[in-house]
Amino acid sequence: MNFEEHALAFPCNDAWLYGVLSLPEKPGARGVLIVVGGPQYRVGSHRQFTLLARHLAADGIPVLRFDSRGMGDSEGDTRTFEEVEDDLRCAIDTFFKEMPPLKELVIWGLCDAASAAVFYAYMDPRVTGLALLNPWVRTNEGAAKVYLKHYYASRILEREFWGKVLTGKFSYLDAARSLVKTVFQAVSVKKRIVVNATDRACDRSFNDGLPTRMLHSLGHFEGKVLLITSGKDLTAQEFQSVVNSSPEWQKLLDSPRVSRLDFPEANHTFSRRAWRDTVANWTREWIHSW
């Protein structure tokens with residue numbers, strides 16, 4: 001199907017945001033908003049967001065990708081992924097204004113953009129789907145455990161590592177310090193706070209960890225979810241570690257409304273063309289499946 005692309009400028013509080021609308025010749029009623037994490041802009045690593053938008057638009061799915069405040073071409077101060085609620089709402093308002101046939105929306109996000117989408121989606125009834133790729137649930141303890149399990153174990157098998165050892169370029173002292181610090185972070189346990197799931201489930205101001213707040217927000221979202229995780233990515237491995245250690249996460253992701261796809265050979269940003277094409281096809285097929 002033929003499609004066109006139009007540049008958009010729209011206000012968000014005291015700043016102007018800029019994006020690109022990929023408009024099919026015969027657009028469907030379900031669109032996709034590509035949310036960009038930082039530090040990134042609307043093209044994406046290896047042009048993934050541009051290529052994804054065009055792939056979906058060629059199949060009749062309208063797509064808007066944009067720069068949030070402080071990123072890319074957009075004005076304003078840079079914000080963290082937990083502070084882009086207004087940006088998402090303004091982008092969605094503009095999307096529906098530009099596309100009168102639009103009835104509902106999927107938010108697509110990679111890494112911390114996926115986490116931003118989770119925090120936002122349950123509050124906006126126009127959002128009926130979430131496509132989450134390698135969601136960011138980073139904690140110091142979680143990152144340390146993943147590094148111990150995946151990074152250090154694979155490091156001793158690398159030719160570069162043994163090359164440094166045999167040539168005397170390997171610093172045992174620095175390595176020992178790094179290992180001790182990582183182990184300390186991995187075994188440290190913060191006091192957990194009991195949260196009333198009904199009264200405070202989606203309150204991002206309460207003093208609880210990112211994985212727990214993500215769980216609460218996603219639990220309050222009633223739409224469809226596509227979860228894609230890469231096998232060669234520490235962020236995805238940390239997310240999987242959180243899931244494996246949490247019956248609540250496991251129960252949520254076992255829901256019929258959640259579709260899970262693992263991509264064992266892919267890295268965090270799907271840097272190869274074949275990987276990007278696979279993700280685009282998975283996204284398209286999932287959107288048409290409900």
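Phe10 is buried in this predicted model, with a relative accessible area of 2%. Buried here means under 20% relative accessible area, exposed means over 50%, and partly exposed lies in between (1.4 Å probe, protein chains only). Phe66 also counts as buried, at 2% relative accessibility. Residues are numbered from 1 along each chain as its sequence is written. Because the model is predicted, local features need pLDDT of at least 70 and side-chain atom pairs pLDDT 80 or more, while totals for chains, interfaces and linings use all residues; side-chain values use heavy atoms, without hydrogens and water.

The structure holds 7 aromatic pairs. Rings of Phe, Tyr and Trp (its six-membered ring) pair if their centres lie within 6.5 Å; planes under 30 degrees apart are stacked, over 60 edge-to-face, and the rest tilted. Phe10 and Phe66 form a tilted pair, because their ring centres are 6.1 Å apart and their planes meet at 55°. Phe10 lies in strand S1 (residues 3–12) and Phe66 in strand S4, so the pair ties together parts 56 residues apart in sequence. Strands (E, at least two residues) and helices (H or I, at least four) are DSSP runs, numbered from the N terminus.

A second tilted pair joins Phe263 and Trp282, at 5.1 Å centre to centre and 55° between the planes. Phe263 lies in strand S8 (residues 258–267) and Trp282 in helix H10 (residues 273–287), so this pair links parts 19 residues apart in sequence. Phe263 counts as buried, at 4% relative accessibility. Phe263, Phe270 and Trp282 form one aromatic cluster.

Charges also sit over rings. The criterion is NZ of Lys or CZ of Arg within 6 Å of the ring centre and within 35 degrees of the ring normal. The charged end of Arg30 sits over the ring of Trp290, 3.6 Å from its centre. Arg126 lies over the face of Phe96, at 5.3 Å from the ring centre.

Asp67 is in the loop between strand S4 (63–66) and helix H2 (85–98). Asp67 counts as buried, at 0% relative accessibility. Beyond its neighbours within four places in sequence, Asp67 is in contact (heavy atoms within 4.5 Å) with Leu17, Tyr18, Tyr41, Arg42, Gly72, Asp73 and Ser74.

Confidence is given by pLDDT, the predictor's confidence in each residue, from 0 to 100. The mean pLDDT of the protein chain is 86, and 78% of its residues reach 70 or more. Over residues 189–207, pLDDT stays under 50. The model has 26 contacts beyond four places in sequence for residues 189–207. Where pLDDT is low, the predicted coordinates should not be read in detail.
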